[in-house]
Amino acid sequence: MAQSDTKKIFFENLSGAGKAIAVLTSGGDAQGMNAAVRAVVRMGLYVGAKVYFIREGYQGMVDGGENITEAKWESVSSMLQVGGTVIGSARCKDFRTHEGRLKAALNLVKLGITNLCVIGGDGSLTGANLFREEWSGLLAELVEQGSIEQQSVQTYSALHIVGMVGSIDNDFCGTDMTIGTDSALHRIIEVVDAIMTTAQSHQRTFVLEVMGRHCGYLALVSALACGADWVLIPEMPPEDGWEEKMCQKLSANRAVMKRLNIIIVAEGAIDHNNKPITTDCIKDLVVKCLGFDTRVTILGHVQRGGTPSAFDRILASRMGVEAVLALLETTANTPACVVSLCGNQSVRLPLMECVQMTQEVQKAMDEKKFEEAVKLRGRSFENNLKTYKLLAHRKPESELPTSNFNVAVLNVGAPAAGMNAAVRSAVRVGISEGHKMFAVNDGFEGFYKGQIKEIKWSDVGGWTGQGGSLLGTKRTLPAKHVGKIAEQMRTHNINALLVIGGFEALESLLQLYEARATYEDFCIPMCMLPATISNNVPGTDLSIGADTALNAIVETCDRIKQSASGTKRRVFIIETMGGYCGYLATVAGLAAGADAAYIYEEPFDIRDLQANVEHLTEKMKTSIQRGLVLRNENSNDNYTTDFIYQLYSEEGKGVFDCRKNVLGHMQQGGAPSPFDRNFGTKISAKAMHWVTKKLVETFRQGRVFANTEDSCCLLGMRRRALIFQPVVQLKGETDFVHRIPKEQWWLKLRPLMKILAKYKTSYDVSDSGQLEHVVHNQPKDSDASVAM
């Protein structure tokens with residue numbers, strides 16, 4: 001493969017030669033831990049360090065012996081798709097004692113290990129920090145006992161700790177997402193979607209209990225993702241009289257012909273007196289007050305199991321590499337840090353600052369300071385709660401503001417999972433802000449044909465979990481029909497426009513902006529939300545629908561690789577969608593453990609193809625049995641999927657055979673992932689708030705008139721923030737011929753994919769996380785964790 005130029009090549013400045021790194025998983029297991037272990041091992045070996053597994057968590061560190069073994073490259077093969085942790089995890093009482101930690105220190109010194117990568121929850125990380133603080137004293141004690149030489153005290157004088165948070169509860173302050181949370185949400189949503197079909201058949205109410213003894217994140221986000229009627233979480237106990245209000249809500253939903261009710265309860269849900277609210281209590285209440293046929297489902301450890309999602313694999317891989325870089329850069333005075341995610345960026349935060357803030361949340365809850373607890377959970381949690389309340393509970397007509405503005409919403413371009421969640425959110429937020437909402441069917445084609453009708457609150461019920469586009473979507477651009485579209489806007493008195501779609505949506509807004517010179521009807525606030533599986537829209541790091549497509553690709557890759565289990569060595573060539581954008585091929589390659597991913601943005605020639613074949617041949621001669629090569633559909637006109645398949649087949653003769661698979665439109669279908677449901681819901685809500693603000697600002701002399709650049713925007717996520725960007729300003733960032741942004745953040749992930757596939761390449765660390773403080777880790781004016 002062609003090698004990318006980088007600003008800074010880490011191995012010229014940072015070397016792991018002579019260092020020993022140990023990785024362990026501790027506490028409860030979480031999907032994605034294996035991806036983190038794999039990344040630590042392979043990055044550690046890549047920089048020249050020795051890497052060790054510590055099996056069974058701290059218990060293995062205390063017991064030593066065969067529990068601490070050296071890791072090889074092949075030791076972590078075929079781990080990515082496995083849930084849990086293959087190196088084992090255990091809760092260890094011995095490590096809580098001084099004697100236990102003394103034994104652990106001796107076991108580490110014997111092997112020269114002074115760098116620890118700990119994957120676990122706040123208890124595991126707190127224990128690691130205590131161990132680090134006691135280290136010099138423990139070594140001195142071992143010298144006194146005659147267990148080690150004095151020289152060892154100088155040689156191994158400091159213990160360096162870097163943590164990664166593995167917890168499905170997402171209960172650790174300082175990071176937007178912990179490893180395992182997204183996969184747990186997948187399990188919950190799969191169950192809820194399945195239950196909704198049977199509940200609808202029998203007109204039942206279902207009460208679901210999800211994990212979260214001290215944190216309601218899973219309950220809250222799954223409620224947001226499935227449009228639950230009611231949610232109960234420990235951070236925000238319901239107000240007095242909630243029983244009556246809940247029953248009124250359930251009854252009102254049935255009155256508008258809704259055939260089912262879903263109530264989601266966190267296992268730690270409490271009332272204002274800290275008394276537990278159980279699923280059985282809720283069931284008895286619904287049966288007694290309403291007489292509804294009610295069932296209880298407790299999900300339990302199903303949420304911890306199963307294959308990790310694409311998001312968790314990528315998150316864990318990025319964090320694992322960042323953890324090794326952090327260990328290489330530590331000095332004796334560097335505090336123990338935890339690698340965190342803020343928006344779309346890795347950051348390093350002092351471990352104990354995060355632990356202390358996490359403990360403050362529980363303290364606030366114990367003291368019944370629930371609003372403070374919600375704030376301490378972070379901006380993401382707080383925004384999730386506000387958005388849920390806004391979308392789930394409709395205000396009475398008498399309490400709604402009367403704006404007299406009409407807002408139209410439409411989908412443009414190819415369908416993408418999550419579009420319907422975005423439309424639902426826009427409609428309900430718009431109605432809550434006093435607007436009259438209009439739905440346009442079939443994009444701009446439907447617009448000029450007059451397929452426009454008012455859409456009500458109840459019309460979008462149940463839309464969140466639906467794939468595709470229920471409004472209908474077409475690729476038709478408005479330029480040829482601006483006169484007819486302007487006429488329809490006058491007819492329906494449209495005061496603002498929300499366009500949800502991909503590259504065609506961007507082109508459409510640019511055309512409407514230019515049409516303002518001719519038609520004043522387009523001098524209104526217009527906002528675009530990026531929704532495309534290709535993730536090829538400039539101005540945003542992520543698009544609605546891309547995560548669902550990634551999961552479809554990764555799941556298929558897992559199955560395809562498994563199909564070769566027990567057979568001779570085999571390489572699979574898989575073609576992905578994306579147009580000229582290589583996002584799907586690259587990120588799916590990282591999540592599925594691909595050996596190569598061919599994309600348009602990184603040109604390749606026959607020499608690169610030959611080098612990849614030779615590299616795979618060499619790997620196949622060892623213990624690797626299966627290879628995976630991804631190719632973006634438009635990566636090269638001549639080096640087609642068929643050509644690459646034939647080349648690999650010919651050159652690999654006698655070592656491996658080949659199979660090919662074109663994934664096609666299965667990448668566009670299916671129910672949206674939890675990520676896409678919440679991403680679509682939250683950015684759509686934010687967009688509607690912006691629309692309302694702009695309508696108020698531009699309303700003068702009895703009409704709306706908005707003709708400035710900043711009244712026609714795209715809402716996208718850039719690194720840590722959600723930003724409204726004038727579409728005119730994005731023209732310079734766009735390659736319109738190939739329909740891709742000129743600069744794409746994910747290209748920095750390609751060297752990471754290559755390193756984890758055992759290629760010698762350069763790696764840009766100019767973007768690596770620097771040590772920050774918890775209080776500064778989120779921007780003031782935006783929701784950093786827009787996605788989840």
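Which residue in β2 is the bridge partner of Val-23? Phe-53 is the one to look for. Keep in mind that this is a predicted model.

- Strands of a sheet pair through backbone hydrogen bonds, and the pairing can be parallel or antiparallel.
- Here, 7 strands make an open sheet with mixed pairing, and their order is β3-β2-β1-β4-β5-β10-β11.
- At the edges you'll find β3 (68-70) and β11 (345-350); each has a single partner strand, so one side of each has no neighbour in the sheet.
- Going from one strand to the next, the twist averages 25°.
- Strands β1 (residues 20-25) and β2 (residues 50-54) run parallel, joined by 5 bridges.

**A helix across the sheet**

**Two packed helices**
- To describe two packed helices, you give the angle between their axes and the distance between the axes.
- For helix α8 (residues 217-226) and helix α23 (residues 674-698), the angle is about 80° and the axes are 9 Å apart.
- Because angles of 65 to 115 degrees count as roughly perpendicular, α8 is roughly perpendicular to α23.
- On the α8 side, the contact is made by Val-221, Leu-224, Ala-225 and Cys-226, while α23 brings in Arg-677, Asn-678 and Thr-681.
- Sorted by type, the residues of this α8 and α23 contact are 4 nonpolar, 2 polar and 1 charged.

Conventions. Residues are numbered from 1 along each chain as its sequence is written. This is a predicted model: local features need pLDDT of at least 70, side-chain atom pairs count only at pLDDT 80 or more; totals for chains, interfaces and linings use all residues. Side-chain values use heavy atoms; hydrogens and water are left out. Axes are lines fitted to C-alpha atoms, for helices over the stretch in contact, and angles run from 0 to 180 degrees between N-to-C directions. Helices (H or I, at least four residues) and strands (E, at least two) are DSSP runs, numbered from the N terminus. Angles under 35 degrees count as roughly parallel, over 145 as roughly antiparallel, 65 to 115 as roughly perpendicular and the rest as oblique. Contact means heavy atoms within 4.5 Å. Ala, Val, Leu, Ile, Met, Phe, Trp, Tyr, Cys and Pro count as nonpolar, Asp, Glu, Lys and Arg as charged, and the others, Gly among them, as polar. Two strands pair if DSSP finds at least two bridges between them.
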